[in-house]
Amino acid sequence: MKLWRLALALAVTSSGWRVQPLPFTLLNGEGPKKQLPATTLGGLAVFDFDGDGKLDLFFTNGGSPEGKKAPNKLLRNLGGLKFEDATASAHLEGVDYDMGAAVADYDGDGRPDLLVCGLHGIRLYHNTGGVFEDVTARAGINNQGRWAVGAVWFDYDNDGDADLFVVNYVKWQAANERECIANGKPDFCHPKFYSEQPNALYRNNGDGTFTDVSSESGIAARPGKGMAAVAADFDGDGLADLFVSNDRVFATYFRNLGGGRFQESAFEAGVAAPTDGNPPSGMGVDAQDYDNDGRPDLIYTALRDETFPLYRNTGKAFEDATASSRMSILSRQMAGWGVAFADLDNDGWKDIAVARSDALSPSGGRGDGAKEPPAWFRNLGNGKFEAGAGWAGFERAMYRGLVVADLDDDGCVDLVVTALNAPAKILRNPCAPGKNWLKVDVTGLGAKIRVGKQWRWVTSAGGYASSYWGPLHFGLGSAAVVDVEVTWPDGRTKKVSARANQTIGVQP
């Protein structure tokens, strides 16, 4: 046995985390030209597409930026972490060089629908009961051929319908791709060589159709090089705002003013760039409450020497907590894509999980260190994090997408990760003994859930080009009974008491 394989086996055994490969390989079609889209793939979605109570897996796929499409993949969860290919029967093979996915029930029929983002636009698939119908044209959604990396379903006008925000990256044409050299070899070009693109906002009309309100809302007035976005009521005014991580340009914070208008306020909110003033290579992003103060905080990933910026929400604005939390020193030598706040050890504090690797090619002039293992950072409950144990020996790869979900219903969240030109994997959580948990199933985008002293928000997007639609997980530590409170965007509130180690549904 080779030494690196032995080290991997020992690390997995000693930590208890196990790796389960999945029957899907993400194909980017990277060639000698090093076309930029080939390094940006990797989104996935976890949701129960057939209504059987088990979370299924959907993976976007590429192929070649100017050639044959590699089919997307839908894996039906059979239980016991066994899966079967349901792609063809569900009609989800796809037609584009696809990047990301976003799930929500946009028409209120009780079935989760799917939006797929690709190099040349977006496609909306309506769930008719385990079979999906392409309704893009009928719904009136047209991304004008722009390169869409990801999307967010959210209710920006509090009318009960799921509206759609699309994250567009840069202007790119195969015929105009330039050659860039790193250490004497061709490699992917820096984003400075590509023009910005405006993002897009579509209002749900409530009848299965949408209206493009990008211009009148103010969204189109602030173009960027968007890689990911999250929606949350960051300022506590009852309206969902948007944060967009941009690639080497200042981040975007669209504050919801009401009346269908947004104001770009990243500098005022303190999130345009880290404290050094240099906009990093913003990749994946997540927004949840890591310090249990009832306000959604922010983290996003970037490349090596840029850190993974962490912002604490003070209620009036954000403060850069990257250094004080120790995330600066912990992540300085890392490059990341997918990211999630998640309580991996069920102690009542949200940890941070990251899918890591460089944006440069592993076959390029700086490719020796391009592949990295995934990583997690343990929340110590005092505003600081430490390196999570047991993952350093995991296989190094070009990891991209990451979604956290309890796939085997044991009360501990697992991770699903994608990697370029490699099989997707489940990182199976060993489940810390003696730690309790609760899962809360709530419908209604933007709903706020309090379990004891913890908070989570119902959202459809997180990480990089990825989506989760299912019950929300809370680690409880030793608590056996907890108070649960759910507040919906329209102000309705419901309180219940729940025993630990179960899934509960809460409806208005």
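**Close-up views of a predicted model**

View 1. A pocket here is an open set of points on a 1 Å grid over the protein atoms alone, with protein on both sides within 12 Å along at least five of seven lines; its volume is the space filled by probe spheres (1.4 Å probe) set on points joined across faces, edges and corners. Of the 26 lining residues, H190, L303, D358, A359 and L360 are the closest to the centre; lining means an atom within 4 Å of a point. Strand 12 (residues 180–182) gives the largest share of the lining, 3 residues. Strands are DSSP runs (E, at least two residues), numbered from the N terminus.

**View 2. An open sheet of 3 strands runs in the order 36-31-39, with mixed pairing.** Strands 36 (472–477) and 39 (503–505) are at the edges with a single partner strand each, so one side of each has no neighbour in the sheet. Strand 31 (residues 436–441) pairs with strand 39 in the parallel sense over 3 bridges; pairing requires at least two bridges found by DSSP. V440 is opposite I504 in strand 39.

**View 3. P489 sits in the loop between strand 37 (481–487) and strand 38 (493–499).** P489 is partly exposed at 29% relative accessible area (between 20% and 50%, 1.4 Å probe, protein chains only). Beyond four places in sequence, P489 contacts N158, G238, L445, G446 and A447 (heavy atoms within 4.5 Å).

**Notes.** The model is predicted: local features need pLDDT of at least 70 and side-chain atom pairs pLDDT 80 or more, while totals for chains, interfaces and linings use all residues. Residues are numbered from 1 along each chain as its sequence is written, and side-chain values use heavy atoms, without hydrogens and water.

Key
Helices (H or I, at least four residues) and strands (E, at least two) are DSSP runs, numbered from the N terminus.
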